[in-house]
Amino acid sequence: MFLSSLARSLKGRANDLWLNIGTAGTAPAESVGHVYYATISYRCIRSLLDSLDLSHDDRFVDVGCGKGRVVCLAARHRLSRVTGVEYSTTLANEAKRNSERMRGRKSPVQIHCKPAEDFDYSDSSVLYFFNPFEAPLLDSVLQKARADRRDRPLRMAFVMESPAQRDVFARHTWLSCYNRFEDIDHHLVAFYRNS
Ligand SMILES: C[S@@+](CC[C@H](N)C(=O)[O-])C[C@H]1O[C@@H](n2cnc3c(N)ncnc32)[C@H](O)[C@@H]1O
C-alpha cells in the first residue's frame, strides 16, 4: 500500500518534470467551506481525454482547475482553446504559471480566477470536473451552463461522481449519460452530453 502510493507519487512528479510543470501533491483549502486541491494520475487523465474524442473545434474547460494538470494535458491536444476556472488565487496563479512554461502546448490557454458559478459557459463545448463541489453547487453550475449554451452542443466528464451528484445529473434531463466506467485507478467517471 505504502509502496504503491509512493510509486504513484513518484510517477506524478516525473511526469511533472517532463512537462516542466508543478502539479503534484495536495493543497489545503484557503477558506472555510472551500475545497482542497488534489488531482488524478497522468495516465487516468490521458485516457479520459482520449475518451472525450476532442477535436480542433473544442473549447475545453476544467471547472475548478487547481494547479492545472488537466489544463496542461488538454493543451497538448490541438483544440480551439483550453480554459481553467479556479476560485483560489494561489492555485489559479500556479495554473497560469504551469500553462505558460509547459512543454508541448498546442492550444491557447486561459486561466480565470473566479467561482465556477460565475463563469460564462457560452463559449465552452467540453467541461471537465474532478469532484470540485457538492451537489447543490453542481446543480447551480449545470443550470448556468445550460442557460449560457442555449442548446449548442456540450459534453462533460465528471470524475468521482457521488450518488448525490449523480442524482443532480439525473434531474437535469437535458443531459444524457453516454458512458460511465471505473478508470484504471478505480475512480468512477461519467460522461454526459446534451445532444
Ligand atoms: C479536486 S480539485 C481538482 C483540480 C483539477 N481539476 C484537477 O483535476 O487536477 C478541485 C478544485 O476545484 C476548486 N474549486 C472548488 N470549488 C470551486 C468553485 N466554486 N469555483 C472554482 N473553483 C472551485 C478547488 O479550489 C480545487 O482546486
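Trainee: Two strands pair if DSSP finds at least two bridges between them; in what order do the seven strands form the open sheet?

Mentor: The order is E3-E2-E1-E4-E5-E7-E6, with mixed pairing. Strands (E, at least two residues) and helices (H or I, at least four) are DSSP runs numbered from the N terminus. The model is predicted: local features need pLDDT of at least 70, side-chain atom pairs count only at pLDDT 80 or more, and totals for chains, interfaces and linings use all residues. Residues are numbered from 1 along each chain as its sequence is written.

Trainee: Which are the edge strands?

Mentor: Strand E3 (109-113) and strand E6 (176-182), each of which pairs on one side only. On average, neighbouring strands of this sheet are turned by 15° against each other, direction ignored.

Trainee: And how many bridges join E5 and E7?

Mentor: Five bridges join E5 (residues 155-159) and E7 (residues 188-193), in the antiparallel sense. Met 156 stands opposite Tyr 192 in E7.

Trainee: Which strands does helix H4 touch?

Mentor: H4 (residues 89-101) packs on the sheet and touches E2 and E3 (contact: backbone-placed C-beta atoms within 7 Å). The direction of H4 makes about 170° with that of E3, where axes are lines fitted to C-alpha atoms, for helices over the stretch in contact, and angles run from 0 to 180 degrees between N-to-C directions.

Trainee: Changing topic, at what angle do H5 and H6 cross?

Mentor: The axes of H5 (residues 135-149) and H6 (residues 163-171) cross at roughly 25° and come within 9 Å. Ala 135, Leu 138, Asp 139 and Leu 142 in H5 meet Ala 164, Gln 165, Asp 167 and Val 168 in H6.

Trainee: What about the ligand: which residues are the closest?

Mentor: The closest are Thr 39, Gly 64, Gly 66, Phe 130 and Pro 132, among 23 surrounding residues (C-beta atom, placed from the backbone, within 6 Å). Helix H3 (69-74) and strand E2 (81-86) each supply at least two residues of this shell.

Key:
Two residues are in contact if their C-beta atoms, placed from the backbone, lie within 7 Å. Two strands pair if DSSP finds at least two bridges between them.
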